[in-house]
Amino acid sequence: MSERQIQLEVLRYNPETDSEPRFQTYSVPCEAEWVVLDALNYVKDHLDTTLSYRWSCHMAVCGSCGMMINGEPTLSCKAFLRDYPDTIRVEPLVHFPIERDLVTVIDDFMEKLNRVKPYLIPKEARTIAEGEYRQSPAELKRFKQYTLCINCMLCYSACPEYGLIPDFIGPAAIALAHRYNSDSRDGGREQRQQVIATKEGVWECSFVGACSEVCPKHVDPAAALQQVKIASTVDWYKEHLMPWGKS
Amino acid sequence: MAKSNKPIVWGLFAAGGTLTAFFLPALIVLTLLAALGYVPDLLAYENMRAFAEHWFGKLVLFVIVSLSLWHAAHRLRITLHDFGFRSDTLIASAVYLVAALGTIAAIVYLLRI
């Protein structure tokens with residue numbers, strides 16, 4: 001196996017002792033097929049046990065290990081070293097406060113995610129005896145792509161609007177609201193529209209599209225947001241020009 | 001939180017964008033053809049004039065001209081925002097005013113034909 005010496009420049013910050021973040025460089029002997037997360041695990045196991053970062057599955061499913069790798073929001077378990085130069089800079093996801101080292105405070109996202117009610121609100125309650133909520137493959141296809149979100153928050157780091165306007169509900173949460181709004185079994189759209197058809201909701205999006213570029217699961221949140229804009233525009237015209245059509 | 005009224009301008013922007021996506025390339029090709037001296041008979045002055053004199057022709061021209069203006073106005077507003085100009089109220093007022101004036105001008109000129 002070929003080995004490669006990588007210089008890992010890692011942002012360190014300990015709120016108890018540091019007044020501001022600093023970079024610490026580790027020289028890591030890496031195997032050719034490693035990802036950046038493997039290199040961080042090597043540091044933690046062999047060089048510096050005080051380094052803090054989140055990770056769990058190592059296979060782009062859990063969404064925990066998002067970091068800025070050479071300035072780009074990336075899952076460190078998907079960032080193969082063969083695609084990077086010998087010096088790699090690793091920082092916590094931008095637009096989030098740092099809790100410690102590469103660990104960010106994600107309360108803002110969790111609160112927004114909660115606010116858009118990202119769960120099925122059944123159109124009509126069914127008893128168990130009445131059986132399951134049925135759905136055709138065509139109805140599933142309308143939103144399946146948006147179910148693939150793993151809440152990794154790379155899109156929030158990539159989004160310049162979220163960096164500029166922290167109140168913006170942001171790509172993943174709105175895309176997930178759209179996922180449930182598009183579900184034929186769901187009846188909660190009006191409740192979610194109260195949250196996402198607002199200025200801080202979808203209308204803060206200027207369609208930069210960076211969210212879709214960094215999304216590791218190809219959810220394409222930018223497309224979801226544009227679809228929300230179209231649907232909200234149709235709503236607006238219905239509510240204001242055809243008030244008699246409102247139920 | 002109240003629902004936003006942005007759909008007013010965004011609706012015009014989206015409709016205008018859909019139209020210009022189809023018409024702008026055709027206009028560029030036709031303009032180039034005309035510049036090179038090839039004016040198809042269908043686009044000769046008399047034919048275009050007759051088209052603009054008919055009420056349906058007026059309606060088509062009005063929809064294309066005005067929606068393209070609203071599209072351009074909103075596009076410019078967002079582009080300026082992306083370039084770092086943050087005085088959104090001023091910019092929005094200015095670009096939409098131009099689009100509104102253009103819309104009125106289109107009505108006036110089309111009715112005069």
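Helices (H or I, at least four residues) and strands (E, at least two) are taken as DSSP runs, numbered from the N terminus. On this basis, chain A has nine helices and seven strands. The model is predicted: local features need pLDDT of at least 70, side-chain atom pairs count only at pLDDT 80 or more, and totals for chains, interfaces and linings use all residues. Residues are numbered from 1 along each chain as its sequence is written, chains are lettered from A and ligands numbered from 1 in the order in which they are written, and side-chain values use heavy atoms, with hydrogens and water left out.

The C-alpha atoms of chain A fill a box of roughly 70 × 40 × 30 Å along the principal axes. Of the 247 residues in chain A, 47% are buried (under 20% relative accessible area, with exposed meaning over 50% and partly exposed in between; 1.4 Å probe, protein chains only). Contact means heavy atoms within 4.5 Å. Among contacts in chain A between residues at least 6 apart in sequence, 62% join residues at least 24 apart. Chain A carries 27 positive and 34 negative side chains (Lys and Arg against Asp and Glu; His and the chain ends are not counted). The centres of the two sets lie 8 Å apart, each charge being placed at NZ of Lys, CZ of Arg, CG of Asp or CD of Glu.

Chain A is assigned domain 1 (3-104) and domain 2 (107-245); the bounds come from an automatic or database domain assignment. Taken over C-alpha atoms, the domain centres are separated by 31 Å. In chain A, 15 residues of domain 1 are in contact with 15 residues of domain 2. The two domains bury about 1,100 Å² between them, and carbon and sulfur atoms give 65% of this area. Buried area is the accessible area (1.4 Å probe) that two parts lose on being put together, summed over both. On the domain 1 side, A:Pro73, A:His95 and A:Phe96 supply 47% of the area buried against domain 2, more than any other three residues.

Chain A also meets chain B. The contact takes 21 residues from chain A and 15 residues from chain B. About 1,500 Å² is buried between the chains, 60% of it on carbon and sulfur atoms. A:Trp203, A:Ser206 and A:Trp236 supply 35% of the area that chain A buries against chain B, more than any other three residues.

A:Gln193 lies in helix α7 (residues 189-196) of chain A. A:Gln193 is buried, because its relative accessible area is 2%. Leaving aside neighbours within four places in sequence, A:Gln193 is in contact with A:Asn181, A:Ser232, A:Asp235 and B:Lys3.
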